Amino acid sequence: MPETYDVRLDGITKRFGDVTAVDDVSLSIERGKFLTLLGPSGCGKTTTLRCIAGFETPTEGDVYIGDERVNDVPPFERDTSMVFQSYALFPHMTVGENVAFGLQMQGIPERRTVTGEGTDEATRASSQVAGDGGETSDSGGATTRPTGITGSLRRLVRRQGSEEIDARVSRALDLVELPEYEDRRISELSGGQQQRVALARALVTEPTVLLLDEPLGALDLKLRKNMQVELKNLQEELNTTFVYVTHDQEEALTMSDEIAVMNDGHLEQLGTATEIYEEPNTEFVADFIGETNLVHGEYGEAGGEAVVQRNGLSFRVPKTPEASGRVAFAVRPEKIRIGDEVSGLPNDFEAEVVDEIYKGNVGKFVVRLRNGQQLTVDMQIRDQGEYLSVGRQIRVGWKPSNAVVLTE
């Protein structure tokens, strides 16, 4: 069965004067998938999201929603909804009114031909929003097609009764754990509650593509973790395509079907959470995603084995056809074994504990090999008295298969 893509970026570049925020990014997001744009501040992830939403127009390249090229299509005509990093709520509306707003816009009634004092409130409001873009009647009584914002919104009409709107608003508020907040004013909410209202407002319209710009940033840790699971469950239930922006690696690994790691406007790597974590393509990805140890040295092969030489020590690594000369390899702290567990491993080194951080169930230790190379090691604390003190001499090691040779 051929793959169907809800979002496709074809060579997107966005410049602001002399600054290139996004540089030749291409990717396709399959229907019903959860893709996260991940990277540090200023890497271009939010600008990429805004190009999909229509709030920025690419300097070069094309944006497709489904099969439609939407470079020149305004945001309110795209089948997308967005949760902003800033809440962007209407302060004069209640929580329920904020959440219902998008549904009401989708259900704007057809404007009746009226004259004089018979003009109803909805008609006047529509004309004001559109800048006199509502329908009008000519001298023969014919109705002309509305233009402007109202005209665009009315082309999105999906007839719904107030009972359906109320039910969907209640469901959305239940989802974000605000079931009894419908009549609250926005000014009466905390920052985290306001962010949840913004999320409910975006979800309630059930868009084809939901765009989220760090929507959980204002939530406390426990609620944030709960919402990660709820968001992922909702996405799978609705089969809605999510495009999510965050700088939080754990959040990306927890929620995503695919992760696009960005750096300095470039797409560094696109892959599943497992691929990004276990098989990074570049030093940046290896260093940015979680914690890792990077060791630089000279790559060589002999007798069917591959090694990286550094300052008198040989580190066995996987054979990597594209590797030669000076390279780096990465090995995660949790992949390094300590003490008796090192016995029989191809990589087996003497080390001294030079620093430690107690984290309850896990001990994090910095060890120094005899050639001066320092490594970070994680050790599960299973029993009292297992903790390693600074200055202790130990042995550390790992399987060659748990190292990744980086050539970029």
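Modeller: In this predicted model, L37 has V245 of β8 as its bridge partner.

Colleague: What makes β3 and β8 a pair?

Modeller: A pair needs at least two bridges between the strands. β3 and β8 (residues 241–246) have five, in the parallel sense, so they meet the definition.

Colleague: Why is β3 called largely enclosed?

Modeller: Because five of the five residues of β3 (residues 34–38) are buried.

Colleague: How do you know which faces of β3 are covered?

Modeller: In a regular strand, side chains alternate between the two faces of the sheet. F34, T36 and L38 lie on one side of β3 and L35 and L37 on the other, and all of them are buried. Both faces are therefore covered.

Colleague: Why is E214 called buried?

Modeller: Its relative accessible area is 13%. Buried means under 20%, so E214 qualifies. E214 lies in the loop between β7 (209–213) and α7 (221–238).

Colleague: What is noted about the phi of E214?

Modeller: Most residues other than glycine have a negative phi. E214 is not a glycine, yet its phi is positive, about 45 degrees. N311 also has a positive phi, near 45 degrees, and is a residue other than glycine.

Colleague: Is N311 buried or exposed?

Modeller: The relative accessible area of N311 is 56%. Exposed means over 50%, so N311 is exposed. N311 is found in the loop between β12 (305–310) and β13 (313–317).

Conventions:
Residues numbered from 1 in each chain as written. Predicted model: local features only at pLDDT ≥ 70, side-chain atom pairs only at ≥ 80, totals over all residues. Heavy atoms only, no water. Helix = DSSP H or I, 4+ residues; strand = E, 2+ residues; numbered from the N terminus. Buried < 20%, exposed > 50% of the residue type's maximum accessible area, 1.4 Å probe, protein only.
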